[in-house]
Amino acid sequence: MKLATWNVNSLTVRLPQVLDWLAANPVDVLALQELKLTDDKFPHAAFAQAGYNAQCFGQKTYNGVALISRAPAADVVKNIPGFDDDMARVLSATYPLGASAQTLLVVGAYFPNGQEPGSDKFEYKMAWLDGLRAWLRSELQTHPNLVLMGDFNITFDDADTWDPEGMRDQIHCTDEERYHLQALTALGLTDAHRLFTQPPKSYSWWDYRDMAFRRNHGMRIDHILISNALKAHASACWIDKTPRKNERPSDHAPVVVELLVQ
DNA sequence: ATGACTAAACCTTTTAGA
């Protein structure tokens with residue numbers, strides 16, 4: 001089965017591209033971030049027409065996440081239980097793991113940006129990361145098959161940015177953020193991207209400005225983390241830069257993981 | 001160079017993103 005994540009930066013603008021991408025890439029679950037629309041504006045009919053189920057957790061103007069899937073979702077949870085949040089950032093659900101009787105828990109997340117170290121938004125990002133980790137630690141006890149994917153807004157290390165010196169201690173690249181990302185992996189989650197040989201300078205986001213995509217001035221901030229039980233089944237992981245070449249692209253590219261399961 | 005580009009909204013200006 002295939003799972004993917006994509007920050008679309010407005011589903012209203014990007015819906016045609018999402019439908020085109022799904023037609024060319026018929027994944028089992030697609031997590032979307034930055035819908036920038038409310039639930040009542042979510043295009044359920046378009047996804048149903050394409051043969052997909054959709055769960056939505058929207059918000060006006062900012063944030064908003066969705067899970068698009070072939071199989072119906074169960075056990076749908078919005079945001080992080082135990083962490084009060086007035087923003088729509090997390091949507092989780094369970095699905096059948098392939099054709100097996102096992103269950104897969106998918107957590108789609110739009111991590112806070114954090115704006116600038118020392119800012120209120122950065123403090124919120126740190127608190128949010130604490131809350132996410134505490135919740136996932138407990139979820140892993142009951143869901144050994146777990147995928148955490150989305151826009152993490154954090155680089156693992158300097159290999160994930162085109163300009164390590166320029167970005168040093170800047171947002172997405174601070175030691176504090178990277179500590180939290182490592183702490184998530186310490187729960188028993190693995191960066192699927194680095195399980196496989198990847199093209200050098202692989203990024204998932206490029207600034208709209210300064211011809212950044214053409215110059216490959218990007219960062220890898222969109223990730224798929226898979227639990228230990230799933231790791232043995234992972235067969236491939238890639239970043240699909242194709243949609244970033246569209247006329248009116250999202251600034252992020254989709255990331256896909258393939259799992260070989262019965 | 002508190003810039004550039006994109007999107008949304010309280011829309012000719014601000015806020016946020018990353």
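Predicted model: local features only at pLDDT ≥ 70, side-chain atom pairs only at ≥ 80, totals over all residues.
**Strands β2 and β4.** Strand β2 (residues 29-33) runs antiparallel to β4 (residues 65-69), and 5 bridges join the two. I noted the terms: strands (E, at least two residues) and helices (H or I, at least four) are DSSP runs numbered from the N terminus, and two strands pair if DSSP finds at least two bridges between them. Across this pair, L32 stands opposite A66 in β4.

Residues are numbered from 1 along each chain as its sequence is written, while chains are lettered from A and ligands numbered from 1 in the order in which they are written. Local features need pLDDT of at least 70 and side-chain atom pairs count only at pLDDT 80 or more, whereas totals for chains, interfaces and linings use all residues.

**The sheet around them.** I traced an open sheet of 6 strands with mixed pairing, in the order β3-β4-β2-β1-β14-β13. β3 (53-57) and β13 (234-239) are at the edges; each has a single partner strand, so one side of each lacks a neighbour in the sheet. Neighbouring strands are turned by 10 degrees against each other on average, direction ignored. For angles, axes are lines fitted to C-alpha atoms (for helices over the stretch in contact), and values run from 0 to 180 degrees between N-to-C directions.

**Strand β14.** I checked both partners of β14 (residues 255-259). Strand β1 (residues 2-7) is joined to β14 by 4 bridges and runs antiparallel to it; T5 has V255 as its bridge partner there. β13 is also antiparallel to β14, with 5 bridges, and W238 stands opposite V256. Of the 5 residues of β14, 4 are buried. Here buried means 20 or more other C-beta atoms within 10 Å of the residue's own, exposed means 12 or fewer, and partly exposed lies in between, with C-beta atoms placed from the backbone.

I found another open sheet of 6 strands, ordered β5-β6-β7-β8-β12-β9, with mixed pairing. Its edge strands, β5 (74-78) and β9 (189-191), pair on one side only. The twist averages 20 degrees from one strand to the next. Within this sheet, β7 (residues 103-110) runs parallel to β8 (residues 146-151) over 6 bridges, and V106 faces V147. Helix α5 (residues 175-186) packs on the sheet and touches β9 and β12 (222-227), its direction making about 125 degrees with that of β9. Contact means C-beta atoms, placed from the backbone, within 7 Å.

**Core.** I listed the largest nonpolar core, which has 67 residues; L3, L32 and V106 are among those with the most contacts inside it. Such a core is a set of buried Ala, Val, Leu, Ile, Met, Phe, Trp, Tyr and Cys residues joined through C-beta atoms within 7 Å. β7 gives the most to this core, with 6 residues. Leaving out residues up to four places away in sequence, L3 touches residues including V27, V147, I224 and V257.

**N9.** I placed N9 in the loop between β1 and α1 (11-24). N9 counts as partly exposed because 18 other C-beta atoms lie within 10 Å.

**DNA strand B.** I counted 22 residues around DNA strand B, the closest being S10, T12, N113, Y208 and R209. A residue is near if its C-beta atom, placed from the backbone, lies within 6 Å.

Technical notes: Contact = placed C-beta atoms within 7 Å.
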